[in-house]
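Me: I would like to learn how to read the features of a structure like the one shown here, taking each general idea before the particular case.

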Amino acid sequence: AKLSAMIRQQTTYRVPSDVRGNPKAVFRVELDPGSGRIRSVRLTKSSGVPSWDDAAGRGIERVGTFPCDTSGSCPSVIEISRGPRDD
């Protein structure tokens with residue numbers, strides 16, 4: 001929930017009226033396991049709405065560093081699915 005809120009806060013997008021439902025874009029995010037710093041963000045599945053795909057990818061990149069777990073470690077790869085109407 002914390003990571004989702006961080007990404008949502010960094011994502012700017014006005015949903016066009018012709019977009020139906022909540023199409024999901026899926027990203028592969030590579031992280032530095034020691035710090036959580038983003039190494040790369042790659043779109044692996046398009047939502048079908050290129051403007052949303054771009055906005056969602058930029059929102060993830062703007063986070064910069066993902067929070068690590070209570071032990072202080074972070075996964076090296078995480079998959080993130082985002083839709084324009086996600087809360």
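Me: How far apart are the end C-alpha atoms of α2, and what span should its 14 residues have?

Reply: Before the case itself, note that this is a predicted model, in which local features need pLDDT of at least 70 and side-chain atom pairs count only at pLDDT 80 or more, while totals for chains, interfaces and linings use all residues. Residues are numbered from 1 along each chain as its sequence is written, and side-chain values use heavy atoms, with hydrogens and water left out. Helices (DSSP runs of H or I, at least four residues) and strands (runs of E, at least two) are numbered from the N terminus, and the expected span of a helix is 1.5 Å times one less than its number of residues. For α2, with 14 residues at 1.5 Å a residue, the span should be 20 Å, and the end C-alpha atoms are 21 Å apart, which agrees. Just after α2, Gly-64 takes a positive phi of about 80°.

Me: Which residues of α2 are buried, and against which elements do they pack?

Reply: Burial is read from relative accessible area, where buried means under 20%, exposed over 50%, and partly exposed in between (1.4 Å probe, protein chains only). In α2 the buried residues are Trp-52, Asp-53, Ala-55, Ala-56, Gly-57, Gly-59, Ile-60 and Val-63. They pack against α1, β1, β2 (38-45) and β3 (77-82), where contact means heavy atoms within 4.5 Å. The helix α2 lies across β1, β2 and β3 and runs at about 25° to β1, with axes taken as lines fitted to C-alpha atoms, for helices over the stretch in contact, and angles running from 0 to 180 degrees between N-to-C directions.

Me: In what order do the strands form the sheet, and how do they pair?

Reply: Two strands pair if DSSP finds at least two bridges between them. Here three strands form an open sheet in the order β2-β1-β3, with antiparallel pairing. The edge strands, β2 and β3, each pair on one side only, and the twist averages 25° from one strand to the next. In the hairpin of β1 and β2, six residues lie between the strands, and Gly-36 takes a positive phi near 85°.

Me: Why can β1 be called largely enclosed by the rest of the structure?

Reply: The reason lies in its burial: five of the seven residues of β1 are buried, so the strand is largely enclosed.

Me: Which residues have the most contacts inside the largest nonpolar core?

Reply: In soluble globular proteins, nonpolar side chains tend to be buried together. A nonpolar core is a set of buried Ala, Val, Leu, Ile, Met, Phe, Trp, Tyr and Cys residues joined through side-chain atoms within 4.5 Å. The largest one here has 16 residues, and those with the most contacts inside it are Val-29, Ile-60, Phe-66 and Ile-80. At least two residues of this core come from each of α1 (2-10), β1 (25-31) and α2 (50-63), and α2 gives the most, with five residues. Leaving aside neighbours within four places in sequence, the contacts of Val-29 include Ile-38, Val-41, Ile-60, Phe-66 and Ile-80.

Me: Which cysteines does a disulfide join, and is each one buried or partly exposed?

Reply: A disulfide is a pair of cysteine sulfur atoms within 2.5 Å, and by this rule the count comes to one. It joins Cys-68 to Cys-74, with an S to S distance of 1.9 Å, and with -100° about the S-S bond the link is left-handed. Cys-68 counts as partly exposed at 31% relative accessibility, whereas Cys-74 is buried, with a relative accessible area of 8%.
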